[in-house]
Structure formats: C-alpha cells, structure tokens
Amino acid sequence: MKRSVYTIGSLIILLIAAFIFVLVPIFAGGHKQSRLPAFGKYDGTEIRYEQNSDFANYVARYADYYKNNGIEINNSNYYYIFSYAFNTTVSQLAFQKAVKNSGYKVPKTAVNRSLMGYFTDESGNYSSKLYKLAIKDRPSQVEQLRAEIETTLTTQRYAEDSFGGQTAFGKSTLYGLKNSEAETAFITAMGENQKSFDAAVFNMNEYPESEKIAFGKSNAEKFVKYDLSVITVADKSKAASVAKRVSNGEITFTDAVSEYSTKSYSTDSGKINNKYHYQIEKFLTNKEDMVKITSLEPDSVSEPIQTSVGYSIFKADSAAVQPDFKDSAVISTVYNYLTSNEFSVIEEYYTKRAGELAAAAKTGSFAAACTKFNAKKVDVPAFPVNYGDMSVMNKLNTSLEGLSGASTNQAFLKAVNSLKNTGDISEPIVNNRNVVVLKLLKSNVKPSDPIPTEALHNELSNYDTSSAQEALLSSPKLENNLSEVFFKYMMNNN
C-alpha cells in the first residue's frame with residue numbers, strides 16, 4: 001500500500017522539531033532553579049543550554065550520533081557529548097561573527113535550494129505539495145528549519161573560505177587555503193626518506209635490587225620509621241594553648257586529638273598516616289624543625305611546629321625504627337621513594353649504562369653489547385621522521401618495546417635524523433620509562449607506495465581546521481565554564 005505523502009512530510013517536520021531538544025527532560029527535572037548558568041561566553045555571547053539554542057541543538061545531534069552508532073550514553077559519555085557540542089558552538093559563534101563583519105549575507109536562493117531537500121516525494125524529487133502542506137500545518141517549524149539552514153550556510157561560508165570545501169573548478173578547489181607545491185614536495189620527500197634501526201632498550205622499571213639497597217644505605221635517614229601521634233590546628237596561638245594544656249596534664253593527648261585536631265595528617269585516633277622520615281619532613285614548613293620530632297623520647301611531646309596546613313604538636317608513642325635493608329618491605333619503600341621523588345637517580349643509572357653500551361657497540365657487535373649490558377635488542381623496521389604520525393606516510397611502530405610515544409618525542413626523532421651513515425650509533429635517548437640506543441641499519445628506504453597527493457592535501461587541511469579550533473578554544477575571547485556548570489548543576493542531579 002502506498003504511504004500518504006502528507007504523512008511523510010509531516011513526519012520530517014516533526015522529527016526536526018523533536019530532534020532539537022531531546023536531552024532537556026533528562027536533566028531539567030532535578031534543578032532547583034529555573035535556569036542553568038551559562039556554560040561560557042565567546043566574544044560576549046553567552047553559551048546556554050536552553051530550548052532552541054545552538055548549544056542544545058548540538059548536544060541533541062551528538063547524542064543522536066552516539067545512539068545511531070550503538071554507543072551507550074552513560075554519565076561519562078554525556079560529558080563528552082557536552083564538550084563536543086560546546087566546542088562546535090564556539091566555532092559556530094566565531095565563524096558567524098567573522099562572516100557578519102565581512103558583510104556577507106546568505107542569499108535566499110541558497111536557503112531555498114537547501115530547503116527543497118527536506119520536502120521530497122518517495123522518488124526523491126522535490127514536492128511543492130509537501131512544502132505547501134507543511135507551511136499550512138506547521139509554519140513555525142518550517143521557519144525554524146529555514147533559520148537553521150541559514151545558520152549552517154553562514155558557518156559553511158567561513159569554513160570553506162578558510163579551509164576549503166568540495167566545490168572545484170577542474171582539479172582546483174575554489175575556496176580555502178591553497179597547498180604550497182614546495183610544502184607538498186617537502187613532505188613527499190620526507191615520507192620517502194625512511195631509515196631502519198637496531199635498538200637497545202633499557203626498561204627503567206627493572207631497576208636492580210642492588211641499586212635500591214645501595215641508595216637506601218646512602219640515605220638511611222630518609223627511611224627511619226617513626227611511631228607518632230599528632231594534633232593539628234589552624235593557628236599558632238591555639239596550638240600553644242593546646243600544647244600547654246597537654247603539658248600541664250589538664251587534658252590527655254588522646255582527648256586533645258578528639259577535641260581540637262583537624263586530623264590533617266592522622267587517623268581519627270591521632271596516629272600519623274605517613275611514618276617515614278622523608279614523608280614527615282615534606283609537610284614541615286621549616287625542614288630544620290625535623291630535629292624537634294626525631295629527638296623526641298617515647299611519650300614526650302613536641303612544641304607546636306608549623307606545617308603546611310597550620311601548626312602541629314607531635315607525640316612519640318615509641319622509639320623510632322631504623323631501616324633494615326634486608327627487609328623486602330623496606331626495599332620497596334626505597335623504590336617507591338625513588339620513583340615518586342628522585343626518578344632522576346634511576347634515569348642517570350640507565351643513561352650511564354646506555355652510554356657504556358653505545359661505546360662498546362662502536363668497537364664491536366651491537367648484539368653482543370646488548371647482551372653484555374642486559375639490554376633488550378629490538379629490530380625497528382624502516383620509517384620516516386613523521387612527528388605526530390601523519391596518516392599519509394608510514395609511521396614508526398610504537399608498539400615495539402621501549403618505543404611507545406616515540407613518534408612525538410623530539411629528542412628521539414632528532415637522533416633518528418642525525419644518524420646519516422650505516423652503522424652510526426646514537427647517544428642514549430630517554431623515552432618515557434626507557435633509555436634507548438639506536439644503530440642505523442639502512443637509510444633512504446623507499447616506501448612501497450608513494451604518498452597520494454590528494455590524501456596529503458586533505459591531511460594538511462585537517463591540520464588547518466584542528467589548529468583553528470585549538471586557537472579558538474585558547475582565545476582570550478572565550479570564557480569556558482563547561483566543567484564547572486556540568487558537574488555542579490547536572491551530574492549532581494543524576
């Protein structure tokens with residue numbers, strides 16, 4: 001049975017109207033105020049999540065995209081949806097203002113051409129009957145659609161003028177930034193100059209036990225363990241008063257903890273949370289005051305000592321425990337200290353070993369040097385210097401051991417570029433938690449397929465658009481309150 005043409009046209013209009021504000025009821029029910037604060041401003045224009053606002057429309061569209069692609073819309077994804085919508089709204093505002101300042105106005109004929117696509121019969125042809133019925137029954141929705149089309153065409157005008165579009169004359173696009181032939185040639189040549197390597201990789205997470213123990217013994221004071229209780233208050237006069245009362249026996253230390261302490265550094269009972277020397281020293285305003293704590297005899301109480309959140313009174317509950325570097329728990333504490341506070345010690349150890357490996361490899365076998373210094377030897381297939389992994393050329397295989405993140409590590413890529421002759425060996429390179437030494441095997445290795453010119457131009461255009469949005473989002477014209485408003489006013493109600 002043939003469907004009613006009127007029903008199809010009405011459904012299109014109804015869907016457009018319903019589509020605009022699909023998420024509002026999900027959030028609005030829990031609000032205690034009638035209007036949400038603005039999510040931000042761009043050049044003085046507020047960005048609000050309200051009926052028929054551009055921001056709300058974009059939220060609905062991104063949500064619809066998620067649903068159509070089978071992506072669950074949970075609390076985490078809601079935030080991403082709102083972020084994408086906010087960024088798009090900022091871009092639209094900026095583009096619209098730029099077009100307005102230029103004096104350009106979207107011709108009515110252009111709006112009409114776009115509008116025709118919404119009123120087609122079952123064969124896909126424009127139907128004036130559908131349009132007239134929609135104007136008669138739902139004129140406000142048609143006008144809203146017309147306004148949206150005009151907004152889209154205004155934004156599109158700026159986007160095409162700045163970054164190009166599909167409109168072309170022959171093989172040349174009519175709008176947007178043009179690609180430099182010299183730039184295209186440079187990138188093409190860069191993609192063709194591939195190099196392959198052997199790599200020696202030291203994993204800094206494998207720091208030897210003997211080195212941990214040696215560091216611990218050289219810095220034994222840091223790992224003395226104290227059994228302390230502490231009272232912390234906001235100001236010095238209160239701390240002095242509490243200390244005097246405890247000293248005079250007017251109140252027990254335990255009761256003073258309960259009555260006065262903010263418990264910033266302790267459990268509810270007053271026992272200090274962080275027991276090692278280096279941990280306690282961290283929250284003292286004056287490091288010299290540490291001796292006032294370390295010299296306490298069991299059951300004795302310190303004078304008020306200034307700390308990062310106020311003033312603290314310490315009580316020694318028992319004698320301090322000296323570190324036993326045969327105890328695996330103590331060794332683990334030393335390693336935790338190093339990774340959190342002095343990772344440079346570990347880095348220097350491996351950089352030195354990598355330097356020794358490089359020196360040995362220059363006069364002998366690279367593989368033998370890897371074995372001698374206990375480094376992992378990794379074969380690195382040919383790749384070009386491709387910072388950030390442009391999609392149009394080959395890439396470094398960053399899944400190889402020790403090379404994660406190397407495609408954006410400038411020191412690594414400079415080392416790759418500096419090795420010119422077969423057999424050249426690099427200096428040690430720090431890459432995340434690895435130290436790497438490279439040996440050049442082959443250079444000027446040609447890729448199996450040349451870089452397609454059209455794909456390269458599209459890649460450069462994408463960089464232009466992403467750079468433009470990055471500039472907009474860091475513009476002094478933008479006030480971004482997205483996170484604050486979203487988590488304070490929306491997530492609290494879900």
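**Exercise 1.** In this predicted model, work out how helix H4 (residues 75–102) and helix H7 (residues 139–163) are oriented to each other, and what kinds of residues sit in their contact.

*Solution.* Start with the geometry: the two axes cross at roughly 85 degrees and come within 9 Å. Angles from 65 to 115 degrees count as roughly perpendicular, so H4 is roughly perpendicular to H7. Next, list who meets whom. H4 brings Gln 92, Phe 95, Gln 96, Ala 98 and Val 99, and these meet Thr 151, Thr 154, Thr 155, Tyr 158, Ala 159 and Phe 163 of H7. Finally, sort them by class: six are nonpolar, five polar and none charged.

**Exercise 2.** Which element gives the largest share of the largest nonpolar core?

*Solution.* This core has 30 residues, and those touching the most other members include Ile 346, Tyr 350, Leu 357 and Phe 366. Elements giving two or more residues are strand S5 (194–203), H14, H15, helix H16 (366–372) and strand S11 (434–445). Now zoom in on Phe 366: beyond its sequence neighbours within four places, its contacts include Ala 199, Leu 357, Ile 425 and Val 437. A second, separate core of 29 residues includes Ala 85, Phe 86, Phe 95 and Phe 163.

Note on methods. Residues numbered from 1 in each chain as written. Predicted model: local features only at pLDDT ≥ 70, side-chain atom pairs only at ≥ 80, totals over all residues. Heavy atoms only, no water. Core = buried A, V, L, I, M, F, W, Y, C linked by side-chain atoms within 4.5 Å. Buried < 20%, exposed > 50% of the residue type's maximum accessible area, 1.4 Å probe, protein only. Helix = DSSP H or I, 4+ residues; strand = E, 2+ residues; numbered from the N terminus. Contact = heavy atoms within 4.5 Å. Axes fitted to C-alpha atoms, helices over the stretch in contact; angles between N-to-C directions. Parallel < 35°, antiparallel > 145°, perpendicular 65-115°, else oblique. Nonpolar A, V, L, I, M, F, W, Y, C, P; charged D, E, K, R; others polar.
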